[in-house]
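Take a walk through this fold, one contact at a time.

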Amino acid sequence: MENGFYLYGILPTNRVRPLALSGLDQQPIQTYPVNEFSFLYSAAQQERYLASRRNLLGHEQVLELVMQHGYRSVLPLQFGLVIQDWETVETQLILPYQERLKQLFHKLEGKREVGVKIFWEETEELNRLMTENQELREKRDRLEGKPLSMDEVIGIGQEIEQAMQDRQQGIIEKFQHTLTPLAEEIVENETLTNTMIYNAAYLIPWDTEPKFSDKIEELDHYFKNRLRIRYNNFTAPFNFAQLNP
């Protein structure tokens, strides 16, 4: 094919029933057996795919739909992988990583990835801090309306900053204490915005997701809805399918 094949992921079997799904550029999703595995692919219509929101979501959606069709163990491949022939896949991926792929499929069997992102409004949290922390509030109030030295400005600023960090850490630890016992593995990722304070993926037994979801609801009520919690209860296991452990 002129532009080759666009790859989405790998299934742990070379016997796959037909999938009535479409991928990028509305191309039908197909499978190709390589040894004991099957690769999810569609005909590439471009030599290189731009990492746009539409394309990224399209890539992820294919994997999620395949999981919804009953193939729960899917190893997702990175976005934008276009190949020209299957011999390259066999020599560069299957042969050198065959045992690692088997290990990953064994680890993921009966498991699913869920994601938790926590956001707060920093100004509102600062106001809550000053309301709740009488000592710090009185110290700030004593400094208002008077000329301050640089040391005084730095000093009160550092105290407030440390108190905010402690407040943030307290929130994170509450989530960790509540959710960690339900997970087989956890990956904590970098926060992506100034308002995001926690970003983690949890690998949990497939059928225990309702219990995990209930805990998220409990945490939301515990913090009296002052946080924005973004919970993704169904996604391909990108965080737990790394070839290099």
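Glu 125 and Arg 167 form a salt bridge, with the closest N and O atoms 2.8 Å apart. The model is a predicted one. This pair links distant parts of the chain: Glu 125 belongs to helix α3, Arg 167 to helix α5, and 42 residues separate them. Are these two side chains buried or exposed? Glu 125 has 0% relative accessibility, so it counts as buried. Arg 167 counts as buried too, at 15%, because the cut-off for that class is under 20%.

Arg 167 has another partner. Its side chain meets that of Glu 132 in a salt bridge (3.2 Å, N to O). Arg 167 lies in α5 and Glu 132 in α3, so this pair ties together parts that are 35 residues apart in sequence. Glu 132 is exposed, with a relative accessible area of 54%.

The whole structure holds 9 salt bridges. Glu 99 and Lys 102 meet at 3.6 Å, N to O. Both sit in helix α2 (residues 86-108), 3 residues apart, about one turn of the helix. Glu 99 is exposed at 51% relative accessible area. Lys 102 is partly exposed at 33%.

Now the sheet. Its 4 strands form an open sheet in the order β7-β8-β6-β9, paired antiparallel. β7 (185-188) and β9 (228-235) are the edge strands; each has a single partner, so one side of each lacks a neighbour in the sheet. From one strand to the next, the twist averages 20°. Strands β6 (residues 111-119) and β8 (residues 196-205) are joined by 9 bridges. In one of these, Lys 111 has Pro 205 of β8 as its bridge partner. Helix α6 (residues 209-222) lies across β6, β8 and β9, and runs at about 175° to β9.

Which residues have the most contacts inside the largest nonpolar core? They are Val 116, Phe 175, Leu 179, Tyr 202 and Phe 212, in a core of 26 residues. β6, α3 (122-132), α5 (150-179), β8 and α6 each supply at least two of its residues. The largest share, 7 residues, comes from α5. Beyond its sequence neighbours, Tyr 202 contacts residues including Val 116, Phe 175, Leu 179, Phe 212 and Phe 240. A second, separate core has 22 residues, among them Tyr 41, Leu 104, Leu 108 and Leu 203.

Conventions. Residues numbered from 1 in each chain as written. Predicted model: local features only at pLDDT ≥ 70, side-chain atom pairs only at ≥ 80, totals over all residues. Heavy atoms only, no water. Pairing = 2+ DSSP bridges. Axes fitted to C-alpha atoms, helices over the stretch in contact; angles between N-to-C directions. Contact = heavy atoms within 4.5 Å. Core = buried A, V, L, I, M, F, W, Y, C linked by side-chain atoms within 4.5 Å. Buried < 20%, exposed > 50% of the residue type's maximum accessible area, 1.4 Å probe, protein only. Salt bridge = Lys/Arg side-chain N within 4 Å of Asp/Glu carboxyl O. Lists of a residue's contacts leave out its neighbours within four places in sequence.
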